[in-house]
Amino acid sequence: MELIAADPAAPHNLRPFTFWLAENRGHLLADAVRVLAREPLPTVMFCSSGKDRTGVLSALVQSALGVAEDAVLEDYARTEKLMPSDYLALALERSRRAGL
């Protein structure tokens, strides 16, 4: 399920992007949670970093399953701690090559 189709209007900083994602693609996030709720099979979500779209979707699914808010936030924050120190430079280079 594609949440972002290389939209040039999307901010490139995490906090503004998260708000943009909710406002502009919230309906797609809700659709994804509905699909996951209906499917009786195990699900794997993958992203190169898992911090933005996948991280938000994962947090929404955890919340829908009744996971405590503190645990959801801790899990989301853990991603940043586990990222390689050179990840930001690599992500920026990939974005430049993609024309973003």
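Reader: How many residues apart are Arg-78 and Asp-75 in helix H3?
Author: This is a predicted model, where local features need pLDDT of at least 70, side-chain atom pairs count only at pLDDT 80 or more, and totals for chains, interfaces and linings use all residues. Residues are numbered from 1 along each chain as its sequence is written, and side-chain values use heavy atoms, without hydrogens and water. Helices are DSSP runs of H or I, at least four residues, numbered from the N terminus. Arg-78 and Asp-75 both lie in H3, about one turn of the helix, and their spacing is three residues.

Reader: Which residues do salt bridges that share partners join into one network?
Author: A salt bridge puts a side-chain nitrogen of Lys or Arg within 4 Å of a carboxyl oxygen of Asp or Glu. Arg-78 forms one with Asp-75, closest N and O atoms 3.0 Å apart. The network is Glu-74, Asp-75 and Arg-78. Arg-78 also meets Glu-74, N to O, at 3.6 Å.

Reader: Is Asp-75 buried, partly exposed or exposed?
Author: Buried means under 20% relative accessible area, exposed over 50%, partly exposed in between (1.4 Å probe, protein chains only). Asp-75 has 26%, so the class is partly exposed.

Reader: Which residues in H3 do the H2 residues meet?
Author: Contact means heavy atoms within 4.5 Å. On the H2 side are Gly-55, Val-56, Ser-58, Ala-59, Gln-62 and Ser-63. They meet Val-72, Asp-75 and Tyr-76.

Reader: Which partner forms a salt bridge with Asp-31?
Author: The closest N and O atoms are 2.8 Å apart. Both residues lie in helix H1 (residues 14-38). The partner is Arg-34.

Technical notes. Helices (H or I, at least four residues) and strands (E, at least two) are DSSP runs, numbered from the N terminus.
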